Amino acid sequence: MKITDAKVIVCSPGRNFVTLKIFTDEGIYGLGDATLNGMEKAVVSYLENYCVPALIGKDPRNIEDIWHFFYKGAYWKRGSVTMTAVSAIDMALWDIKGKALNTPLYNLIGGKSRNGILVYCHANGRDAEETIEKAGQKIEQGFRAIRLQSGIPGIEHTYGVSKDNKPYEPAEKGLAQTEYWDTARYLNFIPSLFKKARAEFGDDIHLLHDVHHRCTPVEAARLARELEPYHLFWLEDPVSGELQEGLRLIRSHSTTPIAIGEVFNSVYDYTTLITEQLIDYIRMPLVHGGGITHLLKVASMASVYHIQTGFHGATDLSPVNMAAAIHFNMAINNFGIQEYMPHQEIVNEVFKTNFNFDKGFLFIDDTPGIGVDIDEKKAAKYPYQMASLPVNRKSDGTMFYW
Ligand code: CS2
Ligand code: MG
């Protein structure tokens with residue numbers, strides 16, 4: 001079997017997506033998600049100018065060798081742009097293999113360890129009351145795990161809160177907008193949000209929260225400890241993860257479970273976090289973390305240290321990634337939970353998907369490979385529109401993490 005061609009499809013049904021399509025001489029093609037929110041064209045350029053020419057003529061069945069060709073063979077390694085390209089290639093090759101062997105992806109990586117995939121959704125509001133009201137609506141829809149993000153008194157706009165009741169899409173058209181942040185107000189407010197949520201919903205609903213990289217280790221340690229009475233499923237990205245040893249301080253002060261790494265792109269971002277058991281969940285998704293091939297290795301390493309997966313699943317990761325993640329989550333033993341922000345309806349016009357949500361879980365059918373297809377004609381109806389994630393400054397104007 002030989003790779004004969006590959007193309008990069010960029011479209012924007014409600015938001016930008018990048019999809020790699022690899023063709024073979026046996027008429028089978030594979031899809032990989034190559035979307036990197038706010039940096040899409042950088043991945044397109046790397047794929048089109050460097051990766052696709054090198055793919056032509058390779059045997060798509062040799063997934064492990066091709067992965068290392070694009071990892072070890074790239075002198076300038078790692079980083080979100082190059083690893084998103086590697087991830088897309090890897091996803092597409094696994095898709096081809098499943099189609100060639102006429103079996104769904106989960107069968108290629110160990111078969112079913114469970115019937116359905118526990119997911120968590122987002123509930124957000126301008127204040128605690130509205131956030132809890134939205135969470136109640138999600139519970140009525142069948143969700144058993146909910147991430148709460150709320151407006152903070154005294155901060156004009158807070159991460160994770162939709163504007164004007166529109167679906168939450170963090171990247172906005174054009175150049176980056178500036179948001180302002182006040183950690184003190186945030187730290188003083190969040191425990192009260194979860195106290196109210198537990199009073200409203202009781203103990204059985206899983207509650208999660210995303211700090212989105214915005215505390216110092218000691219601030220995160222305070223927050224994690226103050227949230228202990230509300231036993232969160234996890235506290236996400238409590239600090240910026242570049243300094244892995246920064247998580248030691250949080251761990252030494254609190255039993256609140258920690259999830260980190262949606263912005264990571266290889267196992268090397270996790271080595272201290274895993275081997276010192278500083279975290280409880282791996283957030284790094286297939287689309288940014290090296291695809292199925294690399295995440296199988298990361299998940300295996302994590303399993304030795306009692307760490308589970310909890311993949312990123314925002315709407316800026318395409319349905320191709322979501323379907324591949326469901327297959328992956330179906331098969332591995334140390335699956336924890338999957339983030340599931342349903343895409344806007346318009347996305348389903350372009351991507352034909354094979355999974356469904358029911359009573360808090362996602363289920364996937366036995367379509368061979370990943371099981372998602374893209375309608376290129378429909379995709380062409382929605383051309384790319386440059387969009388940027390916000391930047392974030394402290395209230396005194398100091399540049400900070402968004
Ligand atoms: C968030 C994301 O879902 C999450 O946990 O961190 O919404 C993140 O802000 C976006 O994926 C950025 O594009
Ligand atoms: Mg997050």
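Domain bounds here come from an automatic or database domain assignment. With those bounds, the lining of the largest pocket draws at least three residues from each of domain 1 (3-103) and domain 2 (108-370).

Before going on, some housekeeping: this is a predicted model, where local features need pLDDT of at least 70, side-chain atom pairs count only at pLDDT 80 or more, and totals for chains, interfaces and linings use all residues. Residues are numbered from 1 along each chain as its sequence is written, chains are lettered from A and ligands numbered from 1 in the order in which they are written, and side-chain values use heavy atoms, with hydrogens and water left out.

**The metal site**

Let's look at the magnesium ion (ligand 2). D210 (OD), E236 (OE) and E262 (OE) coordinate the ion at 2.0 to 2.2 Å. Donors are N, O and S atoms within 2.8 Å of the metal (3.2 Å for Na, K and Ca); water is not among the atoms, so sites may look incomplete. Along the chain, the donors of this ion follow the spacing D-x25-E-x25-E. D210 sits in strand β8 (residues 206-210) and E236 in strand β9 (residues 234-236), so the pair ties together parts that are 26 residues apart in sequence. Helices (H or I, at least four residues) and strands (E, at least two) are DSSP runs, numbered from the N terminus. D210 and E236 are both buried, where buried means under 20% relative accessible area, exposed over 50%, and partly exposed in between (1.4 Å probe, protein chains only).

**Pocket and cavity**

On a 1 Å grid over the protein atoms alone, a cavity is a set of points where a 1.4 Å probe fits but cannot get out, and a pocket is an open set with protein on both sides within 12 Å along at least five of seven lines; lining residues have an atom within 4 Å of a point. Grid points are joined across faces, edges and corners, and a volume is the space filled by probe spheres set on the points. The whole structure has 3 cavities of 30 Å³ or more.

For the class counts below, Ala, Val, Leu, Ile, Met, Phe, Trp, Tyr, Cys and Pro count as nonpolar, Asp, Glu, Lys and Arg as charged, and the others, Gly among them, as polar.

| Space | Volume | Lining | Classes in the lining |
|---|---|---|---|
| Largest pocket | about 950 Å³ | 37 residues | 16 nonpolar, 12 polar, 9 charged |
| Largest cavity | about 60 Å³ | 13 residues | 6 nonpolar, 5 polar, 2 charged |

Nearest the centre of the largest pocket lie H213, E262, V263, L389 and W402. The elements giving two or more residues to that lining are β19 (391-394) and β20 (399-400). In the largest cavity, Q149, T158, W181, Y186 and D210 lie nearest the centre, and β5 (145-150), α6 (183-201) and β8 are the elements that give two or more residues to the lining.

**Backbone and cysteines**

Two non-glycine residues with positive phi deserve a mention. D237 has a phi of about 40 degrees and is found in the loop between β9 and α8 (247-253); at 1% relative accessibility, D237 is buried. K359 has a phi of about 45 degrees in the loop between β15 (355-358) and β16 (361-364), and K359 is exposed at 55%.

As for disulfides (pairs of cysteine sulfur atoms within 2.5 Å), the structure holds 0. The C51 sulfur is 19 Å from the closest cysteine sulfur, in C11, which is too far for a bond. C51 is buried, with a relative accessible area of 0%.
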